[in-house]
Amino acid sequence: MTGKGWINITGEYGLVVRRAALVERAIALDNLLKTLEVDQPLDQSDDLLSFGPHFGREALKAMSARLTELGFIYHDDFFEIVTDYPGWCRLKAQGQP
């Protein structure tokens with residue numbers, strides 16, 4: 001999904017990155033994808049990029065550390081999502097102007 005709407009996210013050790021942070025920190029999207037070892041985000045909009053699920057707390061912490069090393073600031077530019085939820089439920093996020 002691309003646009004201004006809601007994106008799919010995962011509570012199973014997921015990450016959400018503000019797309020504007022790429023410009024603010026001068027980080028190319030290709031570099032972000034390479035750092036997170038993915039070909040594409042789980043989902044994306046004009047405002048947000050969603051990644052995951054990652055396999056456990058250790059993997060999520062490693063990915064968060066990589067983002068910090070790349071130049072992103074936790075909570076300002078990205079955050080982690082870890083929550084219990086049933087399989088019949090879907091989580092979504094939307095950026096704020």
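Colleague: Hi! Where does alanine 28 lie?
Modeller: In this predicted model, alanine 28 sits in the loop between α1 and α2.

Colleague: And is alanine 28 buried or partly exposed?
Modeller: Alanine 28 is partly exposed, because its relative accessibility is 46%.

Colleague: Switching topic, how many aromatic pairs does a search of the whole structure find?
Modeller: The search finds one. Tyrosine 74 and phenylalanine 78 make up that pair, in an edge-to-face arrangement with 5.1 Å centre to centre and 85° between the planes.

Colleague: Nice. Is phenylalanine 78 buried or exposed?
Modeller: Phenylalanine 78 counts as buried, at 1% relative accessibility. Tyrosine 74, on the other hand, is partly exposed, with a relative accessible area of 39%.

Colleague: Now the largest nonpolar core: which residues touch the most other members?
Modeller: This core has 15 residues, and Leu15, Val17, Leu32, Leu36, Phe51, Leu67 and Phe72 touch the most other members. Two or more residues each come from β2 (14-18), α1 (19-24), α2 (29-35), β4 (48-51) and α3 (57-70). The largest share, three residues, is from α3.

Colleague: What is leucine 15 in contact with, leaving aside its neighbours within four places in sequence?
Modeller: Quite a list! Among them are Leu36, Leu49, Phe51, His54, Met63, Leu67 and Glu80. Phe78 of the aromatic pair is also in contact with leucine 15.

Colleague: Which residues does the second core include?
Modeller: That separate core has six residues, including Ile9, Val16, Ile81 and Ala93.

Conventions. Residues numbered from 1 in each chain as written. Predicted model: local features only at pLDDT ≥ 70, side-chain atom pairs only at ≥ 80, totals over all residues. Heavy atoms only, no water. Phe/Tyr/Trp six-rings, centres within 6.5 Å; stacked < 30°, edge-to-face > 60°. Buried < 20%, exposed > 50% of the residue type's maximum accessible area, 1.4 Å probe, protein only. Core = buried A, V, L, I, M, F, W, Y, C linked by side-chain atoms within 4.5 Å. Helix = DSSP H or I, 4+ residues; strand = E, 2+ residues; numbered from the N terminus. Contact = heavy atoms within 4.5 Å.
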